Amino acid sequence: MLLHDTALIYGRYLRQSLRSRFALLFGVLMPLLYLLFFGPLLTDLPLGGEGSSWQVLVPGLLLQLGLFGASFAGFSVIIEKGQGVVERMRVTPVSRLALLLGRVLRDATVFVFQAVLLVLAALVMGLRAPVPGVLIGFAFVGLLTVSLASLSYALAMKVRTPQEFGPAVNAMTMPMMLLSGLMLPMTLGPTWLDVLSHFVPFRYLVDAVRDAYVGSYATTHMLYGVLVAVAFAALAVTVGTRVFRTAGA
């Protein structure tokens with residue numbers, strides 16, 4: 001029943017996304033602008049580590065796509081609460097876990113699709129990366145989306161208005177972006193900033209995907225990245241499911 005309910009919810013929300021093709025393509029716009037207007041500035045610059053500047057920038061842009069897109073996914077729940085959709089779901093026998101999983105799996109599908117578009121554009125710009133590394137990057141985008149979307153939906157169930165939701169999400173995502181080395185490796189900064197960034201879990205995902213894009217798979221960065229991504233996803237889904245149950249979603 002869980003699989004059936006999850007597939008039912010997933011299909012419902014995926015159809016909604018497919019009907020809004022403009023939003024589907026517009027979501028990849030910000031990383032694409034970074035790719036087009038920021039990427040050429042890094043060409044031939046000594047960024048440290050292995051690989052080209054594109055192999056440093058593109059992994060960060062992929063995770064940026066998941067970071068900002070999934071973090072704001074909860075806006076849809078706030079709208080549904082206002083329209084009474086949540087109230088109607090409350091009286092159904094559908095699993096509360098399925099209500100969450102269907103949503104986050106739809107989000108993961110959408111953002112992985114956008115990540116594919118971003119990588120295709122990066123290949124035109126000059127990116128060269130091994131196919132296994134690119135696929136690993138997509139997997140990290142999916143895991144990050146599941147994690148952040150689950151927490152975003154949980155937060156949306158707790159707040160009452162978009163005016164409360166937006167600032168709270170910004171307060172969480174901006175430090176993650178600035179301290180994770182999305183645009184440039186944190187090793188280029190002062191020592192104190194590099195040390196501080198290791199307290200941000202997102203940093204380990206960025207380092208892991210960058211290793212994958214240069215073909216380094218059996219590394220400490222990769223191990224830490226996988227462990228952090230899986231643990232974060234498990235914790236976020238657990239928290240999200242508990243909130244959905246207690247909130248009567």
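**Exercise 1.** By about how many helical turns are Arg 203 and Asp 207 separated in helix α11?

*Solution.* The model is predicted: local features need pLDDT of at least 70, side-chain atom pairs count only at pLDDT 80 or more, and totals for chains, interfaces and linings use all residues. Residues are numbered from 1 along each chain as its sequence is written, and side-chain values use heavy atoms, without hydrogens and water.

Step 1. Helices are DSSP runs (H or I, at least four residues), numbered from the N terminus. Because Arg 203 and Asp 207 lie four residues apart in helix α11 (residues 202-213), about one helical turn separates them.

Step 2. A salt bridge requires a side-chain nitrogen of Lys or Arg within 4 Å of a carboxyl oxygen of Asp or Glu.

Step 3. Arg 203 and Asp 207 also form a salt bridge, with their closest N and O atoms 2.7 Å apart.

**Exercise 2.** Determine whether Glu 80 and Arg 103 are buried or exposed.

*Solution.* Step 1. Their side chains form a salt bridge at 2.8 Å, N to O. This pair links distant parts of the chain, 23 residues apart: Glu 80 is in helix α5 (residues 75-83) and Arg 103 in helix α7 (residues 96-125).

Step 1. Buried means under 20% relative accessible area, exposed over 50%, and partly exposed in between (1.4 Å probe, protein chains only). Glu 80, at 7%, is buried; Arg 103, at 3%, is buried.

**Exercise 3.** Classify Arg 160 and Glu 164 by relative accessibility.

*Solution.* Arg 160 is exposed at 69%, whereas Glu 164 is partly exposed at 34%. Their side chains meet in a salt bridge (3.5 Å, N to O).

Notes:
Helices (H or I, at least four residues) and strands (E, at least two) are DSSP runs, numbered from the N terminus.
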